Amino acid sequence: MTAYEKVMAARDSKKLTAVDYIAHMFGENFIELHGDRRFADDRAIVGGLGLLYEMPVTVIGIEKGRNTRERMDRNFGQAHPEGYRKALRLMKQAEKFHRPVLCLVDTSGAFPGIGAEERGQGQAIAENLMEMMTLKTPVLTILIGEGGSGGALALAVADEVWMLENAVYSVISPEGCASILWKDSSKAPDAAEALKMTAQDLFNFGVIERIIRQPKAEDSAMFESLKLLISRTFEKNMELPTDRLIENRYNRFRKIGTEHLMS
Amino acid sequence: MDFFSFVKPKNDLESTSDKQNNVPFVPDDLWTKCPKCGAMLLTTDLEENLHVCTGCSHHFRINAKQRLALLADSGSFREHDATLKGSNILDFPGYDKKLEKARQNGVESVICGECTIERIPTVLCVMNAEFMMGSMGTATGEKITRAFEFATENRLPIVVCTVSGGARMQEGILSLMQMAKTSGAVKRHSDAGLLYITVLTDPTTGGVTASFAMEGDIILAEPDCLVAFAGPRVIEQTMRQKLPKDFQTAGFVMQKGFIDAVVSRHVLKPTVAKLLRLHGCKPIEAKDAVTRS
């Protein structure tokens with residue numbers, strides 16, 4: 001598969017979305033929690049509580065929707081500031097009750113619109129980055145489709161970041177990159193290649209810890225093993241002293257890319 | 001030094017151009033037109049007025065060196081990591097050439113160091129719009145992170161002047177990661193109870209807005225500067241929405257609640273100094289101050 005084919009696969013409207021993962025892994029135990037307590041409830045972000053075997057966890061996902069109606073309702077998985085603030089509220093709640101946070105990311109990016117700008121899209125993302133860095137409870141992020149720039153990173157300051165084998169994660173969409181650099185968005189496949197945005201590329205850069213096989217809806221064994229993997233990671237990180245957990249998270253981001261610097 | 005001064009003329013005839021000698025000398029930059037009110041300003045007057053239009057108070061963009069001179073006490077700035085630079089990690093087409101060209105205007109898109117502001121010791125970072133529009137690459141993020149770490153270790157306040165087109169796409173995901181890295185360093189500085197003042201200048205956008213630019217304890221902005229996550233063109237193109245008047249200008253963003261104050265360039269330094277003093281930052285004795293000018 002070429003990089004751009006992976007971009008297409010990550011955007012495929014038939015692939016599983018965040019609510020599918022939540023349903024498969026948490027089933028009826030999932031309780032959705034709404035709203036940022038400040039402005040509104042952003043439907044592009046799904047948040048709530050689930051039970052991972054015996055362990056209560058906070059789950060936050062960016063949801064694109066599975067059909068046209070859902071996609072409209074979910075704003076195509078493009079969150080507004082209130083969505084990121086809802087996510088942060090739920091993370092702070094998780095910190096208070098010392099339960100781990102699982103983030104499922106699938107977005108082309110934060111919503112670029114008038115209301116989003118007026119309500120501080122940049123500030124909302126910035127606050128998440130800052131607060132997640134020292135959240136006193138384990139955080140794990142899995143990219144299950146598109147990881148679009150700051151809108152994805154706002155839920156991906158985690159102890160570990162995993163990616164599905166056909167997920168992508170990038171600072172800009174290949175179309176955006178091609179139209180800015182070459183004034184030609186049809187050169188997106190070249191841009192996708194140049195941006196090094198596939199799971200394998202990111203693993204090589206040390207940006208992600210694990211590549212996950214793509215589960216299918218009917219493949220319950222696959223979900224079971226993913227669940228097991230998640231719960232083992234949480235168990236391991238729950239045992240760490242909190243200072244250590246936060247120190248590790250800081251260092252994880254601190255070292256990325258530094259070996260390529262020259263002075 | 002100018003690049004062409006290295007190119008030696010082949011012979012005496014080529015060393016002076018007759019054409020040049022016969023034309024009366026009028027420098028191109030004698031006059032500067034204000035893009036806002038259209039007034040023709042004598043460039044020397046404009047420079048004397050800190051690059052603010054004498055007619056309409058439009059704040060012209062200034063470069064990093066001018067910004068440093070505006071804020072730091074004369075001769076007090078000591079640069080950190082002056083030679084630290086990034087490379088073409090992704091082997092991105094055309095990036096080597098772009099870097100080479102940009103490096104005629106500085107080593108990276110930010111200058112960091114320590115200085116005094118009205119004799120108060122502080123860490124100061126100034127982004128450089130002349131270097132790839134202040135875009136944030138790995139080295140940019142590293143320098144800012146180190147500046148915050150230095151400020152935390154030495155219990156110093158920090159002032160960051162932002163100007164940026166956002167994350168640098170030629171460094172792909174690694175430039176995105178700088179947003180998280182710098183935010184982590186800001187958080188540690190903040191948790192240590194230390195003061196961080198942001199000065200937003202034209203334009204501050206994208207990944208810089210969505211990280212350290214919006215994380216200051218106190219956020220100041222220069223009049224009329226653009227402050228955005230998604231810039232106006234992106235919104236117009238993708239959403240086909242007509243934008244409100246003055247959308248994303250400093251005044252607009254302040255009215256929406258995201259900036260503490262819009263501060264004219266003429267009073268920026270005293271304002272920053274006042275804020276530092278109000279946070280208990282003490283000036284050093286005059287005899288200890290570094291004075292080289």
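This is a predicted model: local features need pLDDT of at least 70, side-chain atom pairs count only at pLDDT 80 or more; totals for chains, interfaces and linings use all residues.
Biologist: How are H4(A) and H6(A) oriented to each other: roughly parallel or roughly antiparallel?

Modeller: The axes of H4 (residues 81–96) and H6 (residues 121–133), both of chain A, come within 8 Å and cross at roughly 20°. Angles under 35 degrees count as roughly parallel. The two helices H4(A) and H6(A) are therefore roughly parallel.

Biologist: Is the crossing of H4(A) and H6(A) left-handed or right-handed?

Modeller: The residues that meet include A:Tyr84, A:Leu88 and A:Met91 from H4(A), and A:Ile125, A:Asn128 and A:Met132 from H6(A). By class, this contact has eight nonpolar, two polar and three charged residues. The crossing of H4(A) and H6(A) is left-handed.

Biologist: Which residues is A:Met163 in contact with, leaving aside neighbours within four places in sequence?

Modeller: A:Met163 is one of the core residues that touch the most other members. Its contacts beyond those neighbours are A:Leu143, A:Tyr169, A:Ala199, A:Leu202, A:Ile208, A:Ile211 and A:Ile212.

Biologist: On the side of chain B that touches chain A, which helix supplies the largest share?

Modeller: The contact takes 48 residues from chain B and 42 from chain A. The residues on the chain B side divide into 26 nonpolar, 14 polar and eight charged. The largest share of that side, 14 residues, comes from H7(B).

Key. Residues are numbered from 1 along each chain as its sequence is written. Chains are lettered from A and ligands numbered from 1 in the order in which they are written. Axes are lines fitted to C-alpha atoms, for helices over the stretch in contact, and angles run from 0 to 180 degrees between N-to-C directions. Helices (H or I, at least four residues) and strands (E, at least two) are DSSP runs, numbered from the N terminus. Angles under 35 degrees count as roughly parallel, over 145 as roughly antiparallel, 65 to 115 as roughly perpendicular and the rest as oblique. A crossing is left-handed if the near helix is turned anticlockwise from the far one by less than a right angle, and right-handed if clockwise. Two residues are in contact if their C-beta atoms, placed from the backbone, lie within 7 Å. Ala, Val, Leu, Ile, Met, Phe, Trp, Tyr, Cys and Pro count as nonpolar, Asp, Glu, Lys and Arg as charged, and the others, Gly among them, as polar. A nonpolar core is a set of buried Ala, Val, Leu, Ile, Met, Phe, Trp, Tyr and Cys residues joined through C-beta atoms within 7 Å. A residue is buried if 20 or more other C-beta atoms lie within 10 Å of its own, exposed if 12 or fewer, and partly exposed in between; C-beta atoms are placed from the backbone.
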